[in-house]
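Try each task before reading its solution.

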Number of protein chains: 2
Amino acid sequence: MSTDYEGFVVEPWRIREIGIAPDNFAQAESIFALANGHIGVRGNLDEGDPAGLPGTYLNSFFETRPLPYAEAGYGYPESGQTVVNVTNGKLIRLLVDDEPFDMRYGTIRHHERTLDLRTGVLTRDVLWESPARRIIRVRSKRLVSFTQRSILAIWYQVEAVDKPLRVVIQSEMVANEELPVTSADPRVAAALERPLVSEQHLAGVTRAQLIHSTRRSGLRMAAACDHELHGDHDYEPNTFIQPDWSRMTLGAHLDPGETLGLTKFVAYGWSSQRTLPALRDQVDGALSAVVNTGWDQLVAEQEGYVQEFWDGADVQVDGDETVQQAVRFGLWHVLQAGARAEGRAILAKGLTGPGYDGHAFWDTEQFVLPVLTATAPLAARDALTWRQSIIDLASERATTLKLHGAAFPWRTIRGQECSAYWPAGTAAFHINADISVAAARYVFWTQDEEFDRDVALQLLVETARLWTDLGYHGDDGKFHIDGVTGPDEYSAVVADNTYTNLMAALNFRYAADTAERWPQEALALGVMKREIATWRAADEAMAMPYDVERGVHQQDRGSTEREVWDFKGTANNKDYPLLLNYPYFDIYRKQVVKQADLMLAMHWCGDNFTLEDKAKAFAYYEAITVRDSSLSACTQAVIAAEVGHRELAHDYLTEAALMDLRDLEHNTGDGVHVASLAGAWLALVCGFGGMRDHGGKLSFAPALPKRLSRLAFAIRWRGCKVRVTVHPDHAVYELEDGVHGYTELSHYGEMFTLTTDEPVTRDITPVQPMTPRPTQPAGREPITSE
Amino acid sequence: MSTDYEGFVVEPWRIREIGIAPDNFAQAESIFALANGHIGVRGNLDEGDPAGLPGTYLNSFFETRPLPYAEAGYGYPESGQTVVNVTNGKLIRLLVDDEPFDMRYGTIRHHERTLDLRTGVLTRDVLWESPARRIIRVRSKRLVSFTQRSILAIWYQVEAVDKPLRVVIQSEMVANEELPVTSADPRVAAALERPLVSEQHLAGVTRAQLIHSTRRSGLRMAAACDHELHGDHDYEPNTFIQPDWSRMTLGAHLDPGETLGLTKFVAYGWSSQRTLPALRDQVDGALSAVVNTGWDQLVAEQEGYVQEFWDGADVQVDGDETVQQAVRFGLWHVLQAGARAEGRAILAKGLTGPGYDGHAFWDTEQFVLPVLTATAPLAARDALTWRQSIIDLASERATTLKLHGAAFPWRTIRGQECSAYWPAGTAAFHINADISVAAARYVFWTQDEEFDRDVALQLLVETARLWTDLGYHGDDGKFHIDGVTGPDEYSAVVADNTYTNLMAALNFRYAADTAERWPQEALALGVMKREIATWRAADEAMAMPYDVERGVHQQDRGSTEREVWDFKGTANNKDYPLLLNYPYFDIYRKQVVKQADLMLAMHWCGDNFTLEDKAKAFAYYEAITVRDSSLSACTQAVIAAEVGHRELAHDYLTEAALMDLRDLEHNTGDGVHVASLAGAWLALVCGFGGMRDHGGKLSFAPALPKRLSRLAFAIRWRGCKVRVTVHPDHAVYELEDGVHGYTELSHYGEMFTLTTDEPVTRDITPVQPMTPRPTQPAGREPITSE
């Protein structure tokens, strides 16, 4: 295989890989994974072999597996859910004379894959010399359609370059692909062997369909493909089918310059309820529709959809091409994870890999939805509507836990709790506030009254009820929440986690506000005035632990009084992540922070703190934060920017943005880190843009680091687009498409009215840092942005 | 089966069961289990069927099994150990005419089993009418020898009562017995199917031997039996053998009054190292020796051994026959668990059942060894020597946990950590102080210098090193130990657990003292003066959390500030034990105590508290202690007695003493609760006798509850026997066998010298309670002693 691997080229609108290298297969497959929130295909080579990890996924199509416990406990979930690698429809094998087209043999003269973020199409261009010294050019284009939700389409062409040759193209669908053994790392998903049971297989001349179901979860899926042939083909195609695979074969003798090719349309569908004939016809119908659309029109639709997204979402970063590319790449994957999920979860890895068993966590609500709310609000709405759709399961879970209201699962695909380690699962109750506050945020941003009444109200009420049970008014008059785990998983089962408390306070407040806005509907949920009063009382009395002696807010009650982790003794890179090298008991009892926790509270609940509070806390917690999570750098960037450490913020932004393009945590191969990629946007917009939405009011406090000469971004706010352009010494605000023609914003605390008539320009006086640049534990400094 | 089951009769020196009832099979099998610390046989019927749970155990003979984790973590043990039901050598089947002698058929005219605590022999007397209306009397006697460690012996006789009949006796050994499915309760041991693999089987006319090994743990065991025949037998015995069983058959035609019988000697041995021939010959040799001894002499030896024990251990309780019987029953099982363990563990269930997987825990050191130290010191020495023998494994475990010194396993058979739930396993580091302080206590009591130098020193030094790593000097100058779990498993992973801290302080102090007593040997362990100084500094600075506002000591830092459990909402008996009905997260974060924790500190480290401290704390913690553990009542009895609530102490004493005779926790069928039974002795001697050994000085503060007219007990103290007789208004102290002829004691804080020349009599002025009788959570009051 070619060794001159150049990796990913930095370009503003494309992810281009030059060369090909086995070590990077899995990473590149995740980077180049295509998805629309409903179906996802990893960026495997057309010909299937070799692969890092083959992967085709349908959102919420999973298999159940038992969760074993050597010592079980009350309320432990007994059954887990794992994403299933479904029928692979993208396989196109090629024979050149007698040789299979395989990157491991012959000579790769050129290999380039390009993901064009403006068209939503992945292209591949290969010049290959076979072991028998025949040179061919293979070009392929691939897309997962945003406009036709069940469709994957591939345009494929082989050309004889220098000599006449014989080519055979075999276009396949394969179920139950063999998968490599996964790592011993507990975070890597458990593999499932041959999860699909054949139910039916049908074939015509160019069309085939495979229908399967899972053994235990009882889900049924269908994959169907059809082909349009083009180029110079000598003999008629024929299709061969078996229960677990189909194969259409097409061949030709090509003279130099002649081509043989096809367009392959693949339709996917699944259901837990529909009959086999119903599902069969549904998928066949979708396939007929896309064949009728045709490749060119499908590509045009795709480009139109993507352009519309960028128009309201793009971020321009002048002065840092790396970040410029990375933030767009991040937004692309956020879009892919959520665009057409429509009533299903947005998963931690999107549909790009089997990492974390394919589960959804809190980071969807706290990192991904703020971005989608501001850039693709309908996707945010759908994701929150999915949460509402599983509220019955969340209520059942609460009942199991002897609590009122709803307790959403820490990790799940379908809605059932799948977390087998309760101190970092069940105890992380903050997910309930993350969800309900995300619903309130969506309402602030969109003024979507129907959603407010039909979705947000119920989410807020049932989670407020949970918090009422979880907390108590102590003898000090404060409302305390003990025994929970905050975002920082290196401090589990603590009392008064500041982030949890402040998010619960918002949960209470917004529940009360929303219930008062919709009194009839609230009454239907059993909400009386007295209950609202208890919510308001809890909100107002919420405890915020503070260390008077050190003059710093505590991540949780007493946190700053604990022994500090021996960072000098763990300066070796091999010591990290700590959770793989140290026992929980030791990690939990000492001051060491896995990921931003109090900083996250200072970002999303920032109006509870003064700038001085933030500056002091940032310096204190920087020294003990090891960033063993991909959900940390972006938040550190936001607070670093706020307290004036803009160069450090730039570094953290870079780290968040490059998480997957540089494979910083060495597990991008399992799928991209959707939340971290969303975090790059947050770092830019909330960090250098200083954007906040406390109390539903939109404010900005922009300031650039030295290397950036200009930052421009657009957000969708209450039916209009707000464009913000930040220069080193001033910012320009513009309004487009407003229903009302104006909106109220704030710049560094000063309110102003922005109209569609004219931009507003304001000077910038950047915050000056109150402390020296904070230091991190040895060896845990962020990568530099230089 | 006979329904007139009268259960266990209250008699001072015997446990006599009249009648037989299937529901009580498992409990009675545990009650009547015979053991000597090396081998143990459950009280199954001679004829095997029916049984609650067949059981024959060899101390430390176990099988390994994988410990599964749905979400694994660093340092989790991967392999567990489970006690194996070994070859059953006690089986004697009987045919009467054509009918098997089986309690489920025919009519039981009389059934009585008697465990005589003064002879150490279990007898059975049955009058049975067969379905064909033949009446027989079966009498059997069974013992597990204290003097011949590998021997089980059975005397068995059948007599024709009214009509002539044909009897056939089949004396068997059976390996891999079928066991019933165990409960879903996580505390009940995991069953292992057919764990023994046959290696050799040998038979003569009356003798047979079966040799097996385990599949995974690689242990080899041998069981051999021989028979002496007596009575009127018509035909010669013959023995049939197979890999997994042997059967000697003997028959006779009996006229009324005639008998047929045999004495069966069974020898057991096992090894992880010895070859098959070596083990075979060892067991055969032991068998030949006991055959030479003969039944009568073996019984005489047994009685002599037991009498010697009682002479230095018996407790007389005048005024409460129930407790009188129960405390002797408890001492009996303590003796059985430890007498001849000789270098192996004393297990939580002794060798009476498979509960807790047959593991040893901390309660051996903290509940059983204080009793053995005072009554059978050599057994205490052996148990502690076993701990030293696994110190290499404990050091390895500490290294895995990134700690210095030794970290003893929370639960184990052989020495490897087998706890799969770290918050109630690894985090319960107090076991290390429990062990090393028990070693120091043994030295105080025996003045065994050889043990002090060769065993105690190393145990103390390596555990002190562990504590040095586990704790830290805080900004307040105090030595804190965070993130550990104390005895109360309803409050896990807490800071400054008072019990843990005070035991660690003793660990430090005794390590320093012992190292200074043996400077050369300490130096060989690498102990320098500087290290000793750090131990003394930690001891002196040890934190003791106290709630100034409530004027009460805290079980752990902040414990009294937490939300109090909703005891009103859990008044239903079905709500308990809480750990089977509520999630850990909810239990941990609230004030609810599973078992005595601060009270345990107030018992064993009582010189750190004033009487007022104790009285206040006792009242406070009584109200939140639910006693979901068998390790609680005895300690509550001790402190209740100390603070003057003697009637309440009497109730708790009763509960501890009757744990198994009344099956109070409904799991005696898995084996008796050795520590709770030891606790009955502690409740009497440390409670109503007020005995303490703080700092190695022996003191008494006796006072009786109303119903007791006299309490008398003997203890072995520094080579002599101290006899204490407590009357309502005075106490009499006597000394026997003293090497020095005198000893220094204290009575209610007043020192006095006791000599072998004459008793000392002292008046008693009982402590008057400072609080009203404390109340317990609804439904969790102790059983009453009335």
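**Exercise 1. An annotated domain**

Which residues of chain A does the UniProt annotation "domain: Glycoside hydrolase family 65 C-terminal" cover? Then describe the backbone there.

*Solution.* Keep in mind that this is a predicted model. Start with the record: the unreviewed UniProt entry places this domain at residues 691-754 of chain A. Next, look at the secondary structure: over residues 691-754 of chain A, 55% is strand and 0% is helix. Finally, the end C-alpha atoms of that stretch are 15 Å apart.

**Exercise 2. Two helix pairs**

*Solution.* Two packed helices are described by the angle between their axes and the distance between the axes.

- Step 1: The crossing is left-handed.
- Step 2: on the α9(A) side, the contact residues include L457(A), L460(A) and W467(A), while α10(A) contributes F508(A) and Y510(A), among others. By class, this contact has 11 nonpolar, 3 polar and 1 charged residues.
- Step 3: L331(B), V334(B), A337(B) and G338(B) of α4(B) meet V368(B), V371(B), L372(B) and T375(B) of α5(B). The classes here are 6 nonpolar, 2 polar and no charged.

**Exercise 3. Where the chains meet**

How many residues of chain B are in contact with chain A, and which helix gives the largest share of the chain B side?

*Solution.* Begin with the count: 36 residues of chain B contact 36 residues of chain A. On the chain B side, helix α13 (residues 584-588) gives the largest share, with 4 residues. Sorting that side by class gives 21 nonpolar, 7 polar and 8 charged residues.

**Exercise 4. Backbone details**

Where do the peptide bond from D49(A) to P50(A) and the one from Y576(B) to P577(B) sit, and what are their omega values? Examine phi of D97(A) and of Y748(A) as well.

*Solution.* Most residues other than glycine have a negative phi, and most peptide bonds are trans.

- The D49(A)-P50(A) bond is cis, with omega about -10 degrees; P50(A) lies in the loop between β4 (39-41) and β5 (56-58) of chain A.
- The Y576(B)-P577(B) bond is cis, with omega near -5 degrees; P577(B) sits in the loop between β26 (563-564) and α13 of chain B.
- D97(A) has a positive phi near 50 degrees and lies in the loop between β8 (88-96) and β9 (99-100) of chain A. With 16 C-beta neighbours inside 10 Å, D97(A) is partly exposed.
- Y748(A) has a positive phi near 50 degrees, in the loop between β32 (742-747) and β33 (750-755) of chain A. Y748(A) is partly exposed, having 17 other C-beta atoms within 10 Å.

Key
Residues are numbered from 1 along each chain as its sequence is written. Chains are lettered from A and ligands numbered from 1 in the order in which they are written. This is a predicted model: local features need pLDDT of at least 70, side-chain atom pairs count only at pLDDT 80 or more; totals for chains, interfaces and linings use all residues. A crossing is left-handed if the near helix is turned anticlockwise from the far one by less than a right angle, and right-handed if clockwise. Helices (H or I, at least four residues) and strands (E, at least two) are DSSP runs, numbered from the N terminus. Two residues are in contact if their C-beta atoms, placed from the backbone, lie within 7 Å. Ala, Val, Leu, Ile, Met, Phe, Trp, Tyr, Cys and Pro count as nonpolar, Asp, Glu, Lys and Arg as charged, and the others, Gly among them, as polar. UniProt positions are given in the numbering used here, feature names are shortened, and annotations may be inferred rather than shown by experiment. A residue is buried if 20 or more other C-beta atoms lie within 10 Å of its own, exposed if 12 or fewer, and partly exposed in between; C-beta atoms are placed from the backbone.
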